[in-house]
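Colleague: I have a few "how do you know" questions about this model. Could you take me through them?

Modeller: Gladly, let's look at it together.

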Amino acid sequence: MAGGQVENQVGNVREWLFTPRLRFASFDELNAWLADRCLKIAAERRHPEVAERTIAEVFAEEKAALIPYRGPFDGFHEVQVRASKTCLVRFDRNRYSVAARAANRPVALRAYADRIEVRLDGEVVAEHRRVFGRDRTIYDPWHYVPALVRKPGALRNGAPFRDWVLPPMLARVRRRLGCGDAADRQFVEILAAAADVGVEAVEAACAEALAGGPCTSAVVLNYLTRGRQTAPPEPLPTAPPLRLPPAAAGCRRLPTVPVTMRFVPTTGRPIVERHEVLDLMSRLHLSGMRAAFDEVMREGLRREHGVQRILGDLLKAEVAEKQARSIRYRLAAAKLPLSKELVDFDFSASPVNADLVRDLHGGNLLAPPRNVVLVGGTGSGKSHLAIAIAVNCIRNGARGRFFDVVDLVNRLEAEAREGRAGKLTEQLCRVDLVVLDELGYLPFPQSGGQLLFHLINRLYERTAIVVTTNLAFADWPSVFGDAKMTTALLDRLTHHCDILETGNESWRLKTRS
């Protein structure tokens, strides 16, 4: 035994000492090398099922029957994180900036192989090229333009604006304006306009201003307004002016008394040291405050914030962290097969009622509980819409659960065989939303249909149900095997219900190459 361990260790040491470590200038070079190695191995190794031929030879024959995939593979890892007060999210030991409106709010971070995408309520608020290593901060200066409106001086020394490569015309206007506080304020006004109407429109206005002579923020914004002018709207009818009776008109407004708080400064050793504060936060499970402590204290001391404001910033960080953690937990408990967003659905290519979908997506199916039935052909977007509605409801505080109908029936039958019938039903009665996907795609026994009927009967007017199916209601008895039971089920399911038709045209077939 000892000899085997020695030989194993000697083999490990030989591998560490004599195996060369590969180095590549970029990931593209690494991927090219890996692809080449895979092809060589496939050409050398025998196929596991057709021993007389290599893997490459068998693949060459099968390749002609494969359907090519159009576009890049949409594979990502999504986590719920908190955007800090300084508009940064942390992932894999690096930090990435997000739009200012996402500060101190829970956001969904999608990590792709080559990029990082951050979404707030389904809307993309940041997209960066993914970096590897650790302790790097990636800024997009446009994310911080709203903060510049309040503090123009940060344009000269703020970390996000160092080495900022401006578009050509904006850079020329920046040089023309010169340096100083007044120049910073004017340039920030132009940047704020670019954040609202787009860089291209402001670039065109800057070019006109530079060609015309004087170049100030007022001139640039004037050119921008003239280029975007539209016909004035029709005047709206106005109500007659309000006239107060003499007694009311003579009332005097009571003076407001400002409430002030004074804090007596202390001298000598601080009552609690930093490490003691962090330890207390850990013991109280205040992970959000602990993570934001150094950042909030550093900024508060630098800007001379009061105690209440510093404490408020720490509490906001804790609330945002708890919200992100709660969303992570509820999304994991929902068992969604993948993440889908409503903004990614192409309504122009589907006959579905877009306004009703957006209304349901906002959570109007939860209070009071309503049901939704999505009817359409394969690949028409039923599951996409159902998942997007469920995800947004869960982000807004609801508890949900996703099931493939056949898997659900199998679980209900397994519980009945094991003598635990009704346990899953009781659990689902405590959630706010249940998604039943792909009803009618695969048959199930009549006993399973009876258990599914019992479940929907228990959820009736307690829990919102979203069903996706490729069958018309007239064909449902063929799935459940009992026409009377199916009629009773549809009576309950469609009582408080919105029916959405997604058509029969498959998006997958239409977009394949």
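Modeller: Let's start with helix α14 (residues 354-364), which lies across β8 (371-376) and β12, running at about 130° to β12. Please keep in mind that this is a predicted model: local features need pLDDT of at least 70, side-chain atom pairs count only at pLDDT 80 or more, and totals for chains, interfaces and linings use all residues. Residues are numbered from 1 along each chain as its sequence is written, and side-chain values use heavy atoms, with hydrogens and water left out.

Colleague: What makes a stretch a helix or a strand here, and how is an angle such as 130° defined?

Modeller: Helices (H or I, at least four residues) and strands (E, at least two) are DSSP runs, numbered from the N terminus. Axes are lines fitted to C-alpha atoms, for helices over the stretch in contact (heavy atoms within 4.5 Å), and angles run from 0 to 180 degrees between N-to-C directions. Helix α20 (residues 483-493) lies across β8, β11 (464-469) and β12, at about 115° to β8.

Colleague: Why are β9 and β12 called edge strands?

Modeller: The open sheet has 5 strands in the order β9-β10-β11-β8-β12, with parallel pairing. β9 (400-404) and β12 (497-503) each have a single partner strand, so one side of each is left without a neighbour in the sheet. From one strand to the next, the twist averages 15°.

Colleague: How do you know that β9 and β10 are paired?

Modeller: Two strands pair if DSSP finds at least two bridges between them. β9 and β10 (residues 433-439) have 5 bridges in the parallel sense, so they count as a pair. Phe 403 has Leu 436 in β10 as its bridge partner, while Phe 402 stands opposite Val 435.

Colleague: Why is His 305 called buried?

Modeller: Buried means under 20% relative accessible area, exposed over 50%, and partly exposed in between (1.4 Å probe, protein chains only). His 305 is at 15% relative accessibility, so it counts as buried. Its place is the loop between α12 (287-302) and α13 (307-334). Leaving aside neighbours within four places in sequence, His 305 touches Lys 85, Glu 299, Gly 300 and Ile 310. In β9, 4 of the 5 residues are buried.

Colleague: And why is Trp 16 exposed?

Modeller: Trp 16, in helix α1 (residues 2-18), has 66% relative accessibility and therefore counts as exposed.

Colleague: What makes Asn 104 and Glu 461 stand out in their backbone?

Modeller: Most residues other than glycine have a negative phi, and most peptide bonds are trans. Asn 104 has a positive phi of about 60° although it is not a glycine, and Glu 461 likewise has a positive phi of about 60°. Asn 104 sits in the loop between β3 (94-97) and β4 (106-111); its relative accessible area is 17%, so it is buried. Glu 461 lies in the loop between α18 (446-459) and β11, and because its relative accessibility is 46%, it counts as partly exposed.

Colleague: Which residues does the cis peptide bond join?

Modeller: The cis bond joins Ala 367 and Pro 368, with omega about -10°. Pro 368 is in the loop between α14 and β8.
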